[in-house]
Amino acid sequence: MRFTFIHILFIFSGMLTFGCAGTKRLPEGKSLYTGAEVEFQDKAVRDRKKVQKSLEKLLAPEPNAAIFGMRPKLWLHNKIGELDKKKGFKHWLKTRLGEPPVFYEDVRVEQVNEQLEYRLVNHGFFDARVSPEIIDKKRETSVIYKVTPGKPYLIREIHYPDSNNILNRIIAAQKPAGVIKPGNRFDVEMMARERKRVEEVARDSGYYYFNGTHLIFDADSTVGDHEVDLFLRRKENIPPKAFQRFKISEIRIFPGYSSDTTKLGDPVKIDSMLYFIDPDEIRPRPVANAIKMGVGDFYSAEDEDITFSRLAGLGIFRYVNLNFEEDTVNRLLRARINLAPYKKKSVRLQLNAVSKSNNFVGPFLTLTFLNRNFLGGGEEFEISLNTGFEAQINSSQPGIFNAWEVGLNTALTVPRLIIPFHFNESDSKYDFETKFQVGGRSQRRVGYFDLISLDLSTGYLWNKKVIHRHHLFPVNINFFKLGQTSQEFRDLLEANPFMQSAYQDQFILGGRYSYFYNSKAIEGQLENNNNFYFNANFNTSGNVVNLLQQAITKSPENGEENTYNLLGAPYAQFTKFDFDFRYYYRIDAKHRLAARLIAGIGYPYGNSIEMPYTHQFAVGGSSSIRAFRPRSVGPGEYILPDSLMESNAFIDQTADIKLEMNFEYRFDLFGNFKGAVFVDAGNIWSLNVEETRPGGDFQFNRFWKQIAIGTGIGIRYDVDFLIVRLDVGTPVRIPYGPESDRWVIGDVAIDQKSWRKQNMIFNIAIGYPF
């Protein structure tokens with residue numbers, strides 16, 4: 001990196017200024033507290049990192065925020081100094097952006113030490129000792145809490161209550177599924193999870209008032225050398241009804257619930273349930289089918305949760321409430337289900353971000369009309385008009401917008417399965433929907449082509465819990481054709497037969513399946529330290545039609561191209577699989593890590609020699625490898641001519657295989673502003689050797705040498721409902737050229753205009769990249 005002596009001196013002076021600012025204005029006799037750490041003297045402790053994280057949560061107070069040893073917030077606080085008024089811009093700067101010093105004299109070391117030893121006992125280290133070591137250095141003080149854990153106590157046996165009643169027998173029958181196993185280290189958190197598990201078993205078996213806190217574990221640590229026997233028993237003075245088993249005697253449903261009881265209609269009986277007719281004419285059957293509970297059944301918390309989830313999933317109720325009135329004499333529960341509907345019709349305008357496998361479009365603006373009870377049975381009818389664009393700024397490009405898209409879509413979602421055979425949905429633990437979709441969209445690659453597509457699909461959506469979702473569309477028909485094209489683009493198609501095949505007018509006839517997992521969707525787990533997202537997609541096209549045509553017609557309609565047609569146009573035949581895996585780690589309230597891995601492959605065969613353009617992969621752009629222009633990377637080690645890269649020429653590199661990895665360190669700056677440092681890597685490859693793109697085919701012995709890598713920094717303005725993002729990236733490794741010259745990090749010359757023009761890529765987007 002070409003820095004002058006002045007640059008280096010400026011950076012060094014800045015670091016020295018911020019670093020010393022924390023101690024320069026300290027009051028006499030005070031020392032700046034710079035933090036604490038937990039250090040295990042025995043590194044061989046099993047699950048040491050897990051225990052250490054548990055201990056680190058007890059370290060208090062938090063020291064002043066520091067970045068690379070500098071404390072800008074503390075510096076700002078000290079720089080402003082004392083103020084006469086508790087208002088105004090300076091007061092805002094000092095209190096909102098700055099922070100006062102944290103003094104070591106305010107740290108209660110002995111109290112923290114005692115809490116650490118107590119927490120270690122909870123983790124099974126009964127003989128643990130913690131000794132604090134105070135580190136003083138130039139009016140800065142830190143603390144190292146040195147842990148001598150000793151030998152942990154292990155669980156020898158677990159004893160459950162004797163099977164002298166129904167509840168005890170139910171609990172004993174579930175013992176093999178228990179959280180605690182012999183040989184585990186004694187752990188209070190594990191015992192709490194086991195009590196919670198027993199509570200779930202009991203409440204699913206009719207014990208409505210049972211709670212895990214009604215149980216307690218007794219521990220006997222005298223049974224052996226550092227061994228413990230656990231005894232699960234009831235606590236004393238627990239209300240008797242906690243151990244009574246309840247049945248449901250009545251279910252009443254109020255679908256038009258409001259505080260005005262005069263609006264309630266007369267009830268009708270459906271499946272032994274009383275349904276009070278509402279003025280909005282929501283038919284009883286779809287609501288009744290969503291209720292998992294039944295009259296005469298033992299109460300089940302799982303059935304209650306499924307009922308709540310299904311009713312909320314209908315999408316027609318803004319308020320869902322289940323209440324139970326008890327009859328303790330007869331051990332019966334009367335269920336009352338209160339439902340308040342949404343307004344039947346609504347219009348909304350939404351701004352969001354869309355990241356596709358080909359990275360075609362970024363921010364999206366959607367105008368939607370919604371009818372939540374279209375046919376009176378909870379059917380949702382939706383018409384949406386959407387438009388979006390992809391933007392990336394580079395000084396070698398005269399424009400900002402690379403691609404536009406506008407689309408019109410209609411969808412009808414029915415809250416049940418529509419299938420040609422009988423299936424009892426009410427006995428299932430899944431929520432089912434049937435969806436019909438018809439739509440069309442027009443995509444414009446500025447200066448090159450318009451792509452028009454029409455879509456028709458029918459499928460099924462189901463989930464057991466919100467974290468797991470399945471989408472199966474056995475009917476998925478798409479037709480697309482090129483509209484207006486430029487002469488330059490037509491010349492490109494003429495020169496490249498593979499590209500010409502990808503862009504030809506054609507049908508896509510097949511099906512698709514998608515699976516989604518999102519741990520962030522777990523209620524109450526949004527702030528969990530570890531979160532995962534996974535999406536896998538499987539697409540296929542043309543197989544059924546091709547088999548039928550081969551059986552009926554001996555020879556293809558297009559003899560020269562050896563392909564079959566449908567309604568005068570060819571159809572694509574391929575199989576495609578891709579997945580998107582993401583991991584989010586919350587370091588603390590202000591610092592987070594995010595990582596993503598994307599991989600996919602599409603294989604054309606039979607009626608196709610190339611994957612359709614809309615199903616090919618690409619990398620580069622605002623939600624991909626941000627140090628490279630949109631869709632400009634690859635395939636493989638193929639390099640676009642300089643004349644194309646230096647102009648606004650057509651750049652749209654797509655292929656059959658994709659591998660991409662992204663990593664971000666995200667941190668809070670001030671107010672609603674967030675920062676990020678990122679590294680992106682990946683490439684695409686073709687399955688076939690293409691003369692027009694040499695080096696673009698996938699080979700196991702060299703693909704890893706063709707990975708493009710970029711890095712950069714970003715700033716985001718996050719106000720929950722809207723996130724505006726600016727990321728600046730620069731290449732670190734290019735996938736083309738001699739292998740010895742592909743690392744370009746040593747060529748960085750940020751002070752040179754020519755380097756900035758060619759290598760600094762500015763990305764504007766709505767929403768996070770992943």
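Isoleucine 467, at 13% relative accessibility, counts as buried, a class that covers residues under 20% relative accessible area, whereas exposed means over 50% and partly exposed lies in between (1.4 Å probe, protein chains only). The residue is found in the loop between strand E17 (449–463) and strand E18 (468–485), helices (H or I, at least four residues) and strands (E, at least two) being DSSP runs numbered from the N terminus. Isoleucine 467 and asparagine 518 are 51 residues apart in sequence, yet their C-alpha atoms are 4.8 Å apart in space. The model is a predicted one, in which local features need pLDDT of at least 70 and side-chain atom pairs count only at pLDDT 80 or more, while totals for chains, interfaces and linings use all residues. Residues are numbered from 1 along each chain as its sequence is written, and side-chain values use heavy atoms, with hydrogens and water left out.

Threonine 366, found in strand E13 (residues 363–371), likewise counts as buried, at 13% relative accessibility. When residues up to four places away in sequence are not counted, threonine 366 touches Arg348, Leu349, Gln350, Ser384, Leu385 and Asn386, contact meaning heavy atoms within 4.5 Å.

In one, three strands stand in the order E1-E3-E2 with mixed pairing, where two strands pair if DSSP finds at least two bridges between them. Strand E1 (32–40) and strand E2 (129–137) are the edge strands, each pairing on one side only, and the twist averages 20° from one strand to the next. E2 and strand E3 (residues 140–148) run antiparallel and are joined by nine bridges, with tyrosine 145 in E3 as the bridge partner of proline 132. Helix H5 (residues 109–122) lies across E1, E2 and E3 and runs at about 145° to E2; axes are lines fitted to C-alpha atoms, for helices over the stretch in contact, and angles run from 0 to 180 degrees between N-to-C directions.

The other open sheet has three strands in the order E4-E6-E5, again with mixed pairing. Strand E4 (154–159) and E5 stand at its edges with a single partner strand each, so one side of each is left without a neighbour in the sheet. The twist in this sheet averages 30° from one strand to the next. Five bridges pair E4 with strand E6 (residues 227–234) in the parallel sense, and glutamate 157 stands opposite aspartate 229 in E6. H7 lies across E5 and E6, running at about 140° to E5. This helix has 16 residues and reaches 23 Å from its first C-alpha to its last, close to the 22 Å expected at 1.5 Å a residue, the expected span being 1.5 Å times one less than the number of residues. Among the buried residues of H7 are Met190, Met191, Glu194, Arg197 and Val198, and what covers the buried residues of this helix includes helix H6 (166–173), E5, E6 and H9.

A further set of pairings involves strand E9 (residues 273–276), which runs parallel to strand E7 (residues 247–254) and is joined to E7 by two bridges; here leucine 274 is the bridge partner of arginine 252. Strand E8 (residues 267–270) and E9 run antiparallel and are joined by four bridges, with proline 267 opposite phenylalanine 276. E8 and E9 form a hairpin with two residues between them, and aspartate 271 in the turn has a positive phi of about 55°.

A search of the whole structure finds 27 aromatic pairs, counted where the ring centres of Phe, Tyr and Trp (its six-membered ring) lie within 6.5 Å, with planes under 30 degrees apart taken as stacked, over 60 as edge-to-face and the rest as tilted. The rings of tyrosine 208 and tyrosine 299 have centres 4.8 Å apart and planes at 90°, so the pair is edge-to-face. Tyrosine 208 lies in the loop between helix H7 (188–203) and strand E5 (215–220), and tyrosine 299 in the loop between helix H8 (284–289) and helix H9 (301–313), so the pair ties together parts that are 91 residues apart in sequence. Both tyrosine 208 and tyrosine 299 are buried. The rings of phenylalanine 673 and tyrosine 717 have centres 5.0 Å apart and planes at 55°, so this pair is tilted. Phenylalanine 673 is partly exposed, with a relative accessible area of 31%, and tyrosine 717 is partly exposed, at 35%.
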